[in-house]
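Look at the sequence and the model first.

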Amino acid sequence: MPDGGAELAADVTLALVGEHHVTNALAAATIALESGIAVADVAARLAGAGAASPHRMAVTELPGGVTVIDDSYNANPESMRAALKALVALAAGGRRSIAVLGEMRELGEDALRQHDALGRLAVRLDVSRLVVVGDGARAMYTGALLEGSFGEEATFVSDIDEAQAWLREHGEPGDVVLLKSSHGSGLHLLADRVLATRDLGAAR
């Protein structure tokens with residue numbers, strides 16, 4: 001622990017997106033402080049920490065003021081909830097929030113209920129547009145409809161090509177777009193296309 005006369009507090013603003021990273025940061029800080037690292041050094045490292053690998057809550061700013069949150073490496077119900085909350089928080093202040101979500105795999109008999117619950121949560125969080133990709137995730141779409149989604153608020157598409165076409169047609173300057181699914185569902189390929197061109201169009 002720091003010496004009695006050492007600085008015992010420091011303000012930290014995390015570069016990572018999502019309130020769930022606060023718990024991770026506190027755990028890392030606890031270990032670092034117990035190891036004798038100075039508070040100021042711990043704070044500096046936490047403030048400078050970014051995404052450690054591709055497709056994990058990686059935030060990219062595109063031309064036109066579009067923000068892409070690429071969290072398409074993996075997905076489970078808890079991480080989906082956290083990502084949706086992060087999307088809504090990042091879009092606060094009048095920007096549109098668009099959630100492009102694919103299947104959460106390996107949920108077994110609970111898959112239908114969990115996907116349904118995520119669609120309902122997107123409506124409760126007031127996500128502007130929900131785009132559900134693939135038959136394995138269809139229950140998200142039906143859950144959103146049953147929760148009260150109407151008009152164009154929720155859309156179902158069969159694959160990433162249709163998802164990309166939807167983004168090209170409906171995307172607007174200033175949008176905040178979340179891409180999230182289990183890796184095997186393939187949304188990371190859509191993220192690669194978008195980030196390769198730095199727009200919502202097709203990779204060339």
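Two strands pair if DSSP finds at least two bridges between them. The model discussed here is predicted.

Q: How do you know that β1 and β2 pair, and in which sense do they run?
A: Two bridges would be enough for pairing. Strand β1 (residues 58-62) is joined to β2 by five bridges, and the two run antiparallel. One of the partners is known by name: Glu61 is bridged to Thr67 in β2.

Q: What do β1 and β2 form, and how many residues are between them?
A: They form a hairpin, with three residues between the strands. In the turn, Gly64 has a positive phi of about 85 degrees.

Q: How do you know that β2 and β6 pair?
A: The requirement is at least two bridges, and β2 and β6 have five, in the parallel sense. Asp70 has Leu179 as its bridge partner in β6.

Q: What makes the pairing in the sheet mixed?
A: Strands can pair either parallel or antiparallel. The sheet is open and has six strands in the order β1-β2-β6-β3-β4-β5. Both senses occur in it: β1 and β2 run antiparallel, while β2 and β6 are parallel.

Q: Why are β1 and β5 called edge strands?
A: Each of β1 and β5 pairs on one side only. On average, neighbouring strands of this sheet are turned by 15 degrees against each other, direction ignored.

Q: Why is β2 described as mostly covered?
A: A residue counts as buried when its relative accessible area is under 20%. In β2 (residues 66-71), six of six residues are buried. In a regular strand, side chains alternate between the two faces of the sheet. Val66, Val68 and Asp70 are buried on one side of β2, and Thr67, Ile69 and Asp71 are buried on the other, so both faces are covered.

Q: Which residues have the most contacts inside the largest nonpolar core?
A: They are Leu84, Leu87, Leu101, Leu130 and Met140, in a core of 25 residues. Several elements supply at least two residues each, including β3 (97-101), α4 (111-124) and β4 (129-133). The largest share, five residues, comes from α3.

Q: What makes Ile69 a contact of Leu87?
A: Contact requires heavy atoms within 4.5 Å. Leu87 touches Ile69, and also Val176, Val177 and Leu178, among others.

Definitions and conventions:
Residues numbered from 1 in each chain as written. Predicted model: local features only at pLDDT ≥ 70, side-chain atom pairs only at ≥ 80, totals over all residues. Heavy atoms only, no water. Core = buried A, V, L, I, M, F, W, Y, C linked by side-chain atoms within 4.5 Å. Buried < 20%, exposed > 50% of the residue type's maximum accessible area, 1.4 Å probe, protein only. Helix = DSSP H or I, 4+ residues; strand = E, 2+ residues; numbered from the N terminus. Axes fitted to C-alpha atoms, helices over the stretch in contact; angles between N-to-C directions. Lists of a residue's contacts leave out its neighbours within four places in sequence.
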